[in-house]
Amino acid sequence: MKKIIILGISILALVSCNSNTKKSNTIAQNHNTVNQDNPKLIASIERGKIVYNDMCITCHLPNGKGVPRAFPPLADSDFLRENQTESIKAVKYGMSGEIVVNGITYNSTMAPLGLSDNEVADVINYINNSWGNTINNFVTPEKVSEL
């Protein structure tokens, strides 16, 4: 009986460990290695992760891979790489109609999210520098407002 209780407590301890610190450090390390010379970009990426988790994660998923044929991937997305202006406009104003991402046609609607120019810039910077994306385009709120 003692062994079962000890085993149960051990499993409970393993399962309940908080990994937020580990996740936070990992994201900082990933972005610092790519953009270590731009602290403004790193701060924007960190804020963008919060926006992504609040507004985008439901459709595009935690790994940015989206839902096949329903919600396009942001991870390793040729559309995102080749259409930065259209991507920024989609986050700011929403998007509907057909687009082709990585050879797959998507025809769904993304409603306007009601984000400020700062939030749009931050979430685009996060997406541009996550899941293996290394899109060298530091988006500022001023760039967003020009659209």
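A disulfide is taken here as a pair of cysteine sulfur atoms within 2.5 Å, and a search of the whole structure finds 0 of them. The model is predicted, so local features need pLDDT of at least 70 and side-chain atom pairs count only at pLDDT 80 or more, while totals for chains, interfaces and linings use all residues. Residues are numbered from 1 along each chain as its sequence is written, and side-chain values use heavy atoms, with hydrogens and water left out.

Select Cys56 first, which is in no disulfide and whose nearest cysteine sulfur, that of Cys59, is 8.6 Å away, too far for a bond. Cys56 is buried at 8% relative accessibility, whereas Cys59 is partly exposed at 29%; buried means under 20% relative accessible area, exposed over 50% and partly exposed in between, with a 1.4 Å probe and protein chains only.

Next, turn to the aromatic rings, where the search of the whole structure finds 3 pairs. Rings of Phe, Tyr and Trp (its six-membered ring) pair if their centres lie within 6.5 Å, and planes under 30 degrees apart count as stacked, over 60 as edge-to-face and the rest as tilted.

Select Tyr52 and Trp131, a tilted pair at 5.1 Å centre to centre with 55 degrees between the planes. Tyr52 lies in helix H3 (residues 39–55) and Trp131 in the loop between helix H7 (117–128) and helix H8 (141–146), 79 residues apart; helices are DSSP runs (H or I, at least four residues), numbered from the N terminus. Tyr52 is buried at 0%, while Trp131 is partly exposed at 24%.

Terms used. Helix = DSSP H or I, 4+ residues; strand = E, 2+ residues; numbered from the N terminus.
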